[in-house]
Amino acid sequence: MTANEQNSMEVDQPEVQDSPKAEPYTPGPDAVDLTPQKDGGVLKEIKQAGTGDETPPLGSTVYVHYTGTLTNGTKFDSSRDRGEKFKFTLGKGNVIKAWDLGVATMKRGELSVLYCKSSYAYGENGSPPKIPPNATLVFEVELFDWKLEDLTKTNDGGILRQTLKVGTGYSSPNEEALVEISLVGRHAGKVFDQREVSFNLGEGLEHNIPEGVEQALLKFKKQERSLIKLTPAYGFGSTGNEQLSVPPNADLEYEVELKGFEKAKESWSMDADEKLEQAKLCKEKGTNHFKTGKYALANKQYSKIVNLLEFEKTLKEEKATEREQLMLAAYLNQAMCCLKLNDFTATRDHCQKALELDPKNEKGLFRLGQSMLGLHEPEEAKKHFEAILQFDSNNKAAANQVVICNAKIREQREKDKKLYSSIFNKMAENDRQKALRNKAMEMPEPTQWDNEESEHTSAVELKDPLDSVPCTESEDSEGSDEN
């Protein structure tokens with residue numbers, strides 16, 4: 001329980017002196033001292049044993065219920081009263097020290113009492129008005145479950161960290177930092193990679209290190225050792241890694257230790273000239289990667305050019321022109337990399353950025369057209385290829401793409417025609433069936449006709465005066481003749 005949460009509940013909770021009281025708690029003989037110094041600051045007594053052997057690792061998100069009381073039995077807080085489990089990140093100092101120590105020793109389903117001296121709780125200041133200064137606290141805690149720490153930017157569970165050894169210091173590597181690591185990579189329980197390696201973050205793929213490991217290292221501290229679990233999107237994807245014998249769409253597990261790192265110079269600490277020179281180096285690296293078919297690595301280098309120069313407006317004259325040329329090249333080259341990677345949405349976006357700088361750029365228009373074909377929008381693609389032909393009628397590549405677009409458009413129209421024809425036929429058949437059902441509902445039953453005809457005939461006969469007069473012989477014979 002955090003001090004902030006404790007304070008946030010003061011409006012809904014009664015004052016300490018009005019809180020209900022439980023029996024005062026005294027640790028029993030089975031209570032275990034959890035403090036590293038064995039100073040008795042945190043004692044744990046298990047009331048209900050948990051299941052399994054696992055305990056939550058550092059950095060995981062844990063889900064608990066708790067009730068907190070003073071040593072005289074006065075209750076000051078309870079997640080059970082609120083009807084909602086409390087969650088927090090273990091081992092990050094987000095809760096009192098006693099909780100970080102105590103919950104880390106618990107198993108799923110375990111119910112324990114934590115006896116916490118003030119130095120492991122709220123200290124000499126307490127947490128007014130409910131927790132007085134220098135207060136020893138008693139927490140009954142039940143651990144339900146935990147989830148490993150998610151290191152992805154979108155919290156999609158693609159990069160999970162289980163800390164095995166806490167690192168030192170407060171600093172972590174940044175983008176392009178030179179890192180020195182040891183790693184063991186596993187798939188389906190088998191080791192496929194084990195080595196020590198140094199590389200610059202952002203260039204991991206060049207060393208057969210997947211993107212997920214690189215992203216995780218940005219959160220590591222020096223000498224930290226952690227288990228990193230990757231989904232295929234953050235591993236080697238749908239292609240796998242033939243060199244490491246990793247199959248396509250493989251879930252991976254890496255045990256990684258960050259032995260040391262040297263931070264790269266941040267762009268905010270560079271002056272304009274330094275940014276320009278760094279952008280040139282990135283372009284050169286990107287081009288080298290592109291030539292060897294490493295399109296993802298090349299794309300990263302080109303994106304760095306944009307990050308360096310996008311908001312740099314202080315360059316003058318020739319250097320300003322050079323900046324603009326580098327920005328244009330970066331967008332165009334990013335578009336080409338994304339085309340190679342079949343990421344047509346990103347290709348479109350990069351081309352649009354390039355065309356903002358140079359609206360008649362042939363490469364920008366051509367790649368934009370290709371991206372729209374990839375997105376199954378041939379009519380839109382055709383516009384961009386025709387735009388090229390307006391100022392370069394001899395551009396055979398653009399003319400060929402127009403032919404392809406026309407074929408795609410005809411093909412799409414034929415599909416649409418068949419689709420709509422099928423829909424209209426179904427609608428017509430549905431209307432016909434509906435009309436038949438309605439007509440059937442309007443027609444009376446045959447027995448109804450018989451009854452109505454019988455009633456009608458009987459009524460007419462009763463009104464005929466001849467019915468009461470016997471027929472003469474002549475009349476009777478005439479009737480027979482007619483019959």
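Colleague: Where is Asn-174 placed?
Modeller: Asn-174 sits in the loop between strand S9 (159–165) and strand S10 (178–187). Keep in mind that this is a predicted model.

Colleague: Is Asn-174 buried or exposed?
Modeller: Buried. Its relative accessible area is 8%, and buried means under 20%.

Colleague: What separates the C-alpha atoms of Asn-174 and Lys-265?
Modeller: 8.9 Å. Along the chain, Asn-174 and Lys-265 are 91 residues apart.

Colleague: Switching to helices. At what angle do H8 and H9 cross?
Modeller: Roughly 155°. The axes of H8 (residues 344–357) and H9 (residues 362–374) come within 9 Å. That angle makes H8 roughly antiparallel to H9, because the cut-off is over 145 degrees.

Colleague: And which hand does the crossing of H8 and H9 have?
Modeller: The crossing is left-handed.

Colleague: What about H7 and H9, roughly parallel or roughly antiparallel?
Modeller: Roughly parallel. Helix H7 (residues 317–340) packs with H9 at an angle of about 25°, and angles under 35 degrees count as roughly parallel. The axes of H7 and H9 are 10 Å apart. The crossing of H7 and H9 is left-handed.

Colleague: New topic, the surface. Which residues form the nonpolar patch?
Modeller: Leu-419, Tyr-420, Ile-423, Phe-424 and Met-427. Together they have about 510 Å² of accessible area.

Colleague: Which helix holds Met-427?
Modeller: Met-427 lies in H11, residues 396–442.

Colleague: How is Met-427 classed, buried, partly exposed or exposed?
Modeller: Partly exposed. Met-427 has a relative accessible area of 44%. Patch residues need over 30%.

Note on methods. Residues are numbered from 1 along each chain as its sequence is written. This is a predicted model: local features need pLDDT of at least 70, side-chain atom pairs count only at pLDDT 80 or more; totals for chains, interfaces and linings use all residues. Side-chain values use heavy atoms; hydrogens and water are left out. Patches are made of residues with over 30% relative accessible area and no salt bridge: like charges are joined within 9 Å, nonpolar side chains (Val, Leu, Ile, Met, Phe, Trp, Tyr) within 5 Å. Accessible areas come from the Shrake-Rupley method with a 1.4 Å probe; for residues, only the protein chains shown count as cover. A salt bridge is a side-chain nitrogen of Lys or Arg within 4 Å of a carboxyl oxygen of Asp or Glu. Helices (H or I, at least four residues) and strands (E, at least two) are DSSP runs, numbered from the N terminus. Buried means under 20% relative accessible area, exposed over 50%, partly exposed in between (1.4 Å probe, protein chains only). Axes are lines fitted to C-alpha atoms, for helices over the stretch in contact, and angles run from 0 to 180 degrees between N-to-C directions. Angles under 35 degrees count as roughly parallel, over 145 as roughly antiparallel, 65 to 115 as roughly perpendicular and the rest as oblique. A crossing is left-handed if the near helix is turned anticlockwise from the far one by less than a right angle, and right-handed if clockwise.
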